[in-house]
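Colleague: Hi! I'd like to get to know this model. Please walk me through it in plain words.

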Amino acid sequence: MKSYQVLFVIFILLIFSCKEEVVYNYQAEIDQLSTYVKQSEYLEKIHNLDQNIREEGSDLLQKTGAGSKAYKNNRDSMMKLDGINLAKIEAYLSKHGYPSLKNHTKDAVLTPWLIIHHNPDKETSRKHFKTLYQAYKKG
């Protein structure tokens, strides 16, 4: 019994240590965005990945139905991508703030809202409400 407890503790530690490394990697990506052009390109890439997986899911739903393995795999992949994108957007907002139309492309400006909107956790929406509202007021 004790060996199972030790293995469980090791497993939990590995999970948390891996999660921190992933966040660090996103922060490293964010730190490289030294110009508005690079920031826009980074946000547009996130935007395109987000929309492409949703379009693919919509196509699969129409062609194969909600019960198909292909559609379920797409939904699982989309949920994972949503988590990754949210971590990237949170790191981006922390470092650079909300993008502006003055300096960024339209898709880049919409991306943080889009990614936060796609997260089903209400706490995430509450956490970012002030940032999104300030961006809305600025236009």
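Colleague: Let's start with aspartate 82: buried or exposed?
Modeller: Aspartate 82 is buried, because its relative accessible area is 11%. Buried means under 20% relative accessible area, exposed over 50%, and partly exposed in between, using a 1.4 Å probe and protein chains only.

Colleague: Good. What should I know about the model itself?
Modeller: This is a predicted model, so local features need pLDDT of at least 70 and side-chain atom pairs count only at pLDDT 80 or more, while totals for chains, interfaces and linings use all residues. Residues are numbered from 1 along each chain as its sequence is written, and side-chain values use heavy atoms, leaving out hydrogens and water.

Colleague: Back to aspartate 82, then. Where is it found?
Modeller: Aspartate 82 is found in helix H3. Helices here are DSSP runs (H or I, at least four residues), numbered from the N terminus.

Colleague: And which residues does aspartate 82 touch?
Modeller: Setting aside residues up to four places away in sequence, aspartate 82 touches Asp50, Arg54 and His118. A contact means heavy atoms within 4.5 Å.

Colleague: What does arginine 54 form with aspartate 82?
Modeller: They form a salt bridge, with the closest N and O atoms 2.8 Å apart. The pair links distant parts of the chain, since arginine 54 sits in helix H2 (residues 36–64) and aspartate 82 in helix H3, 28 residues apart. A salt bridge is a side-chain nitrogen of Lys or Arg within 4 Å of a carboxyl oxygen of Asp or Glu.

Colleague: How many salt bridges does the structure hold?
Modeller: The structure holds six. In one of them, the side chains of lysine 88 and glutamate 29 meet at 4.0 Å, N to O. That pair also links distant parts of the chain: lysine 88 is in helix H3 and glutamate 29 in helix H1 (residues 2–31), 59 residues apart.

Colleague: Why does lysine 88 count as buried?
Modeller: Because its relative accessibility is 14%.

Colleague: Where does H5 bend?
Modeller: H5 bends by about 50° at phenylalanine 129. The bend is the angle between axes fitted to the seven residues ending there and the seven starting there.

Colleague: Which H5 residues are buried?
Modeller: Thr124, His128, Leu132 and Ala135 are buried. The buried residues of H5 pack against H3 and helix H4 (106–117).

Colleague: New topic: how many aromatic pairs does the count come to?
Modeller: The count comes to two, with rings of Phe, Tyr and Trp (its six-membered ring) pairing if their centres lie within 6.5 Å. The rings of phenylalanine 129 and tyrosine 133 have centres 5.7 Å apart and planes at 10°, so that pair is stacked. Planes under 30 degrees apart count as stacked, over 60 as edge-to-face and the rest as tilted. Ring pairs link Phe129, Tyr133 and Tyr136 into a cluster.

Colleague: Last one: which residues touch the most other members of the largest nonpolar core?
Modeller: Among its 14 residues, those are Ile30, Tyr42, Ile89 and Tyr92. H2, H3 and H4 are the elements that give two or more residues to this core, and the largest share, five residues, comes from H3. A nonpolar core is a set of buried Ala, Val, Leu, Ile, Met, Phe, Trp, Tyr and Cys residues joined through side-chain atoms within 4.5 Å.
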